Structure formats: C-alpha cells, structure tokens
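Subject: Structure handover

Hi,

Here is the structure I promised to pass on. Please open it alongside this email.

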Amino acid sequence: VIVDPVSCVAHKTMKVELSEPDKFGQRHPNETPELIESKLQELETALDEVKDPQWWLQAMVRCPDLVGTKFKLMFLRCELFNAKNAAKRINSYWKERIRLFGKEKAFLPMTQEGALAGDEVALHMAFSRIVTGETDPHGRMLIFDDPSRLEVEETTRESLVRSIWYVLHAVLESEATQKRGIIFMSTPRVKREGQFDIQFQIMLVNSLKNSVPLRLSGIFICYPPLYFKWMWNTVRPLIPKRLLLRVQVWRGTEEEVLANLAEYGLTAEKVPKELGGEKELDSEKWLKERKEAGL
C-alpha cells in the first residue's frame, strides 16, 4: 500500500492509502466512510480558499441542488482525494461549463431537455457513443469515438463539445467509473477527405482538460490512416504527459487489433463492430430511453 504524500498532512488530514499501479499505471484509493467524510470536510475548506472562486460561487447560488455531496465526491475521486486539487477542478469545471453552455443553460441539469436543449443535431450525430451494457473487468465503462460520423457543417463545434459533455456525465453516473475511470476506443478512419476536424479535436481537448472529473484509464486508437501521424503531432502537445502514457495506437489486421484489446479484458463481444468486434451500438435507442427517463 502506498500513501499519497500530497494528500496528507499528518497532524491535520486523513492519509490516503493507494493501491499499487494497475495495468494502466493508475493507483486507486482505499475508500472508507471515514475517508470520504474527512475529505469532504477538507474540500469545504479548500473551496473557501480557492483562487478566483466566482465560478463555483455562481453555481452555489444558481443551482445548489446540482452541487451537493455526490457532485463533490466525483471530484475528490478524480483527484485521488486531494481536496485542494478537487477544489481547483470544481472551480475550473464551472468556469468552462458557464463558458461552453452560456450563463443560463450552464446551471440547468445535464439533460437533453435541460442544458442540452438545442443541441439535438449534435447529440444524434453521436460522435461519442457509450458501449452500453459493457465494461472492462474492473467496471470501467467504454466509449467509442467515431470521426466518420462528424458533419461539422450541420451543427457547430461548440454544440458537438456540449454533446460529449453529456455523454461523459452519463458515464459518471456509474460509481465504479468514478473510481476506476473510463476507456476510450477510436478509429480515425473517415468516409471522406476533410471529415476529421482537427479544430474540433483541439476544442474538445481544451474543454475537458482540468474540468470534467473523469479518470482517463486508456485511449485505444485502432487502424490509424496515413494522415494520423500529422494529426497526432498537432493534438499531442495538448495532452498531459501522464495521460500520453495511457495511449495505445494499434495498426494491423482486425485479428491483431482484437488481440490487443483482449489483453485489457475487451473481448470481441465488448468491442464495437466498427472496430471488428461483435457489439452493435444503438445511440438512438440510448438517447430515447434517457430522454423518457428525464435524462
């Protein structure tokens, strides 16, 4: 067991015990009710001390029902129960949410008829789709990004980014995903020249960085075309170094790529058909069911 020195001041705070690194190089806190209670108290103090807290303060006034204990716990888990870092991320989250959604919709629930009202085209374009009903062996949810579905001229890049915020908040409904993280699978293959929108990719990375409380376990890029190297050299500098270590780029045949995915517990029945697997994704059904549930 490893004790995180950053999260621990021996005479004031409760120590955070971390596991040994897993296959993704991630360590996981030993969560106990006592740890959660202690760190939530620390977080309240840290939020009072955060620099330029106007964004967090606006949220407390405008939507107090959205920023309760469950909301705060997501950020503590993301930051391995480092209360100061969680407080900074919460404030950054609201700064970006207000910028991206606007001063009215930002404070509405993250639902299709709330904060996402007006983003229907982007939502149904489904650039990012949850691999519903499937996880890795440790409960991490899976997301498949498909640039071949992008039609930027039919909507706006900002709307597309908002639609991805919606998908990511949906996976954060899973406590196991909050604790363990998510896995992204993608293929940069597109249907026509120019469909891979580098401006959108840069906008997306900048929007998510230091805001949405998501632990990113792995990014698996499959069947990259020849232009991928140029694109990757453009996006790579925007990605934190610790996350770059979790990026895998797999070329080769379907059999070879599926074998690589299987090493992470992602057997064929969990892999989208677009990557050579057996899983059929139905984003329309998923959106319909969530909308009917008020989500």
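Below is what I found in it, from the whole chain down to single residues.

First, a caution: this is a predicted model.

The overall picture. The protein chain has 12 helices and 7 strands. It runs to 295 residues, of which 54% count as buried.

A helix pair. Look at α2 (residues 54–62) and α4 (residues 83–105). Their axes come within 7 Å and cross at roughly 65°. The crossing of α2 past α4 is left-handed. On the α2 side, the contact uses Q54, W55, W56, Q58, A59 and R62. On the α4 side, the partners are I90, N91, W94, K95, I98, K103 and E104. Sorted by class, that contact holds 6 nonpolar, 3 polar and 4 charged residues.

Two residues deserve a look in the loop between α3 (69–78) and α4: L80 and F81. Neither is a glycine, yet phi is positive in both: near 55° for L80 and about 65° for F81. Is F81 buried or exposed? F81 counts as buried, because its relative accessibility is 1% and the cut-off for buried is under 20%.

Best wishes

Definitions and conventions: Residues numbered from 1 in each chain as written. Predicted model: local features only at pLDDT ≥ 70, side-chain atom pairs only at ≥ 80, totals over all residues. Heavy atoms only, no water. Axes fitted to C-alpha atoms, helices over the stretch in contact; angles between N-to-C directions. Helix = DSSP H or I, 4+ residues; strand = E, 2+ residues; numbered from the N terminus. Left-handed = near helix turned anticlockwise from the far one by under 90°. Contact = heavy atoms within 4.5 Å. Nonpolar A, V, L, I, M, F, W, Y, C, P; charged D, E, K, R; others polar. Buried < 20%, exposed > 50% of the residue type's maximum accessible area, 1.4 Å probe, protein only.
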